[in-house]
Amino acid sequence: MNTTMVDELQAECAKALEEHLAGGAEAALNTGYELGRRALAEGLGVLDIAALLHRTLLDVCGRARSPEESAGLVRAAESFLAECLSPFEMAYRGARDAAAALRHINELLEEETRRIARELHDEAGQLLAGVYLALDNLAKDAADDTARRLATMRGYLEQ
């Protein structure tokens with residue numbers, strides 16, 4: 001993980017969080033969402049961004065004048081933190097939905113394979129039964145030499 005990139009993200013995150021806490025609701029939330037998207041695009045995982053957000057929140061809360069003010073800052077930061085994490089949630093849901101779709105396709109392919117195998121088995125069995133009957137009919141009307149060759153062919157079929 002590129003520490004310079006993480007430091008830049010953390011600095012931008014701290015600035016946006018402070019803006020959000022100062023009342024810059026929608027623009028700061030948008031910035032939080034974009035920071036989350038950028039972190040995801042840079043290859044950071046959800047634990048990486050959670051740690052970054054934790055450090056940022058600790059920095060902001062460290063400047064509070066009282067525990068009550070710190071608790072208020074944490075409550076006010078909730079929506080900002082959720083926006084930062086929402087790209088990861090969307091990626092997770094997309095991957096989960098894709099995996100479910102692939103499982104469904106795989107089940108359909110397996111069922112189709114079983115259906116084709118059954119049809120081939122049934123069709124081949126019917127063809128073999130027809131060949132046996134035809135050989136038996138030929139053998140009844142054939143001369144001794146031809147009857148022996150037909151018996152040899154029947155032996156091959158039985159194998």
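**Exercise 1. In which helix is Ser70 found, and is Ser70 buried or exposed?**

Before you start, keep in mind that this is a predicted model.

*Solution.* 
- Step 1: Find Ser70 along the chain. Ser70 sits in helix H4, which covers residues 67-141.
- Step 2: The relative accessible area is 18%.
- Step 3: Compare that with the cut-off. Buried means under 20%, so Ser70, at 18%, is buried.
- Step 4: Check the neighbours. Leaving out residues up to four places away in sequence, Ser70 touches Cys61 and Ala64.

**Exercise 2. Work out which residues make a nonpolar surface patch, and decide whether Leu109 is buried or exposed.**

*Solution.* 
- Step 1: Pick out the patch. Leu102, Ile105 and Leu109 make a nonpolar surface patch of about 310 Å².
- Step 2: Apply the cut-off. Exposed means over 50%, and Leu109 has a relative accessible area of 53%, so Leu109 is exposed.

**Exercise 3. Take the salt bridge between Arg93 and Glu89 and say how far apart the closest N and O atoms are.**

*Solution.* 
- Step 1: Read off the distance. The closest N and O atoms of Arg93 and Glu89 are 2.5 Å apart.
- Step 2: A salt bridge needs the nitrogen within 4 Å of the carboxyl oxygen, and the pair at 2.5 Å forms one.
- Step 3: Look at the spacing. Both residues lie in helix H4, 4 residues apart, and that's about one turn of the helix.
- Step 4: Check accessibility. Arg93 is partly exposed at 45%, and Glu89 is partly exposed at 36%.

**Exercise 4. Now try two other pairs: which residue forms a salt bridge with Arg65, and which meets Arg96 in one?**

*Solution.* 
- Step 1: Start with Arg65. Its partner is Glu69, with the closest N and O atoms 3.8 Å apart.
- Step 2: Sort these two by accessibility. Arg65 comes out at 76%, so this residue is exposed. Glu69 has 29%, so that one is partly exposed.
- Step 3: Go on to Arg96. Its side chain meets that of Asp97 in a salt bridge, at 4.0 Å from N to O.
- Step 4: Arg96 is partly exposed at 42%, and Asp97 is partly exposed at 48%.
- Step 5: Finish with the count. By the salt-bridge rule, you get 11 salt bridges.

Technical notes. Residues are numbered from 1 along each chain as its sequence is written. This is a predicted model: local features need pLDDT of at least 70, side-chain atom pairs count only at pLDDT 80 or more; totals for chains, interfaces and linings use all residues. Side-chain values use heavy atoms; hydrogens and water are left out. Helices (H or I, at least four residues) and strands (E, at least two) are DSSP runs, numbered from the N terminus. Buried means under 20% relative accessible area, exposed over 50%, partly exposed in between (1.4 Å probe, protein chains only). Contact means heavy atoms within 4.5 Å. Patches are made of residues with over 30% relative accessible area and no salt bridge: like charges are joined within 9 Å, nonpolar side chains (Val, Leu, Ile, Met, Phe, Trp, Tyr) within 5 Å. Accessible areas come from the Shrake-Rupley method with a 1.4 Å probe; for residues, only the protein chains shown count as cover.
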